[in-house]
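Here's a quick tour for anyone opening this entry for the first time. Let's look at how the chains come together, then zoom in on one residue.

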There are 2 protein chains.
Amino acid sequence: MSLLVVGSVAFDSIQTPHGQVEDVLGGSATFFSLAASWFTPVRIIAVVGEDFGEEHFKIFRQRPIDAHGIERVPGRTFRWKGEYVDDMNQAHTLETQLNVFENFVPKVPAPYLDTEFLFLGNIDPALQLKVRQAFPKLRASALDTMNYWIQGMPAELAKVLATVDILIINESEARMLSGQQNLKKAAEKIQCMGPRTLVIKRGEHGAILFSQNTIFALPGFLLEEVHDPTGAGDTFAGGFMGYLAQTGDLSESNLRRAVVYGSVMGSFAVEEFGLQRLLRLAPGDIEARYQELKALTQFDV
Amino acid sequence: MSLLVVGSVAFDSIQTPHGQVEDVLGGSATFFSLAASWFTPVRIIAVVGEDFGEEHFKIFRQRPIDAHGIERVPGRTFRWKGEYVDDMNQAHTLETQLNVFENFVPKVPAPYLDTEFLFLGNIDPALQLKVRQAFPKLRASALDTMNYWIQGMPAELAKVLATVDILIINESEARMLSGQQNLKKAAEKIQCMGPRTLVIKRGEHGAILFSQNTIFALPGFLLEEVHDPTGAGDTFAGGFMGYLAQTGDLSESNLRRAVVYGSVMGSFAVEEFGLQRLLRLAPGDIEARYQELKALTQFDV
């Protein structure tokens, strides 16, 4: 089924204990769509500048990603510079240049209007709401956000939250949004704000799914090397939503499988810098790691 | 099968955001034996002072715990005072009075010599080795230790590590002991030091079991309230070793089940202050929570 993402496309410069890269393709919509494209065709709405060339569009087009919704406007593409020091779970932002992203107004191309699964990447909640309202008949909508919007635009965030089915955020964001330190209590409160399904990402500690009747907890996949955590959360969301759109199944057991596929994709993303690992995946890699996660977590009664 | 623990018996004074208690019965051997006693009879070797009265011995005797190995000597019992502020995973020690524990020399009563499962609680590694050597024919031996011994007595610790089958420590201790930040690499290194089986405790994030051929990761049980984390690690070890001794089965699948029982017991311990919750458990509670953990972690292929 059709899957659409709205979010950022950026050039990232990243330093980690394992090396550094300059101006590599990144952004929430990029990591999301790359990951989801291994499950289903993806449509993307984003904005880039004049420094975004054919070689960059090609990265999307070599996968089943419809990039017609990436608008190219005068100016430079969004740039982010960050580093990871000891704690690979914590990015330190060194520089943010919003550039063309500052005046981003998402436009929905007419052929996208039959979209069934929508992911609202981490952007201004007022823009998320505008996009959400363009799609009155979705099978499922999901949203990501961050501390900046939770603290800075709580009223706008509440409005869009009330319209979505699924919220995908990290542990500290869930605590901040709910004002509850305890994750079970935080989840209950968030589920009353709109999204009946809540996915809490915990970095190397895995993820928790709060659905209508049950809770599912998945530990993180154990890697020998984490080279670059940038984009892991959006990659998780891409695997999660990609699998839901592929199967069209929103049952609780399928939501659990989607969390596992999200973790699988996130675990690949961090193995190499930027998109490198995601771009050279084979479908067999994904199934193999799904089975590894199954073997990692299985126990008998 | 017979299970013996050597460790501390203490009086704890604890402050958490949920309240405080003064001089309640605690210590590694206490939490361990209480938890294990729900699975199998337990023998205990420890030392207490003259302030340790019949009312305290009774706490052990109301469970299938053989307390003949608790030696009562002149002086005061070991006392620990600590608090938990925001992060319930991190105890801040306010005061430690070793008292009679300072000159503790474990003595093995003759009737204990047929012990089959041994747990060496977190004490001086030279004493752990001494106890270990009193039991040439064990089914399985396990050891706990901490940063104080890892940094302060590495040679003595290496000696006793070389003699045990199982090491049960927390995440930061595993990193310190191995000098490896990555847990997979840390585990490989530790497994070369002696223990073929390594259990890494991760507090609210669960536990990982590294056995000879496979890795098993279990997320933490989600609680609405954590009132007092004191003793959670020893309680985990008690559930783990208690289940192994009860079943007499050291297969990889049974080690996994033992990790789940350890987590179950640890999750009870933190629900109330001190031993309160462990003392009023019913066997049905344990099985019910085991099934809850199963439901929390299950997903299909």
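Start with where the two chains meet: 100% of the interface residues of chain B are interface residues in chain A as well, so the copies meet through the same surface. Keep in mind that this is a predicted model.

| What is counted between chain B and chain A | Value |
|---|---|
| Residues in contact | 35 of chain B with 35 of chain A |
| Salt bridges | six |
| Residue pairs in polar contact (both at pLDDT 80 or more) | 18 |

On the chain B side, H11(B) gives the largest share of the residues touching chain A, namely seven. As for area, the two chains bury about 3400 Å² between them, with 51% of it on carbon and sulfur atoms. In chain B, the residues losing the most area to chain A are B:Leu222, B:Glu224 and B:Phe299, together 24% of what that side buries.

Now for that single residue. B:Glu173 sits in helix H6 (residues 171–178) of chain B. B:Glu173 is buried but has no salt bridge, and the nearest side chain of opposite charge, B:Lys201, is 5.5 Å away. A polar atom of the B:Glu173 side chain does lie 2.9 Å from the backbone nitrogen of B:Asn170.

Notes
Residues are numbered from 1 along each chain as its sequence is written. Chains are lettered from A and ligands numbered from 1 in the order in which they are written. This is a predicted model: local features need pLDDT of at least 70, side-chain atom pairs count only at pLDDT 80 or more; totals for chains, interfaces and linings use all residues. Side-chain values use heavy atoms; hydrogens and water are left out. Helices (H or I, at least four residues) and strands (E, at least two) are DSSP runs, numbered from the N terminus. Buried means under 20% relative accessible area, exposed over 50%, partly exposed in between (1.4 Å probe, protein chains only). Lys and Arg count as positive and Asp and Glu as negative; His and the chain ends are not counted. A salt bridge is a side-chain nitrogen of Lys or Arg within 4 Å of a carboxyl oxygen of Asp or Glu. A polar contact is a pair of N or O atoms within 3.5 Å; within protein, one must be able to donate a hydrogen and the other to accept it, and residues adjacent in sequence count only if both atoms are side-chain atoms. Contact means heavy atoms within 4.5 Å. Buried area is the accessible area (1.4 Å probe) that two parts lose on being put together, summed over both.
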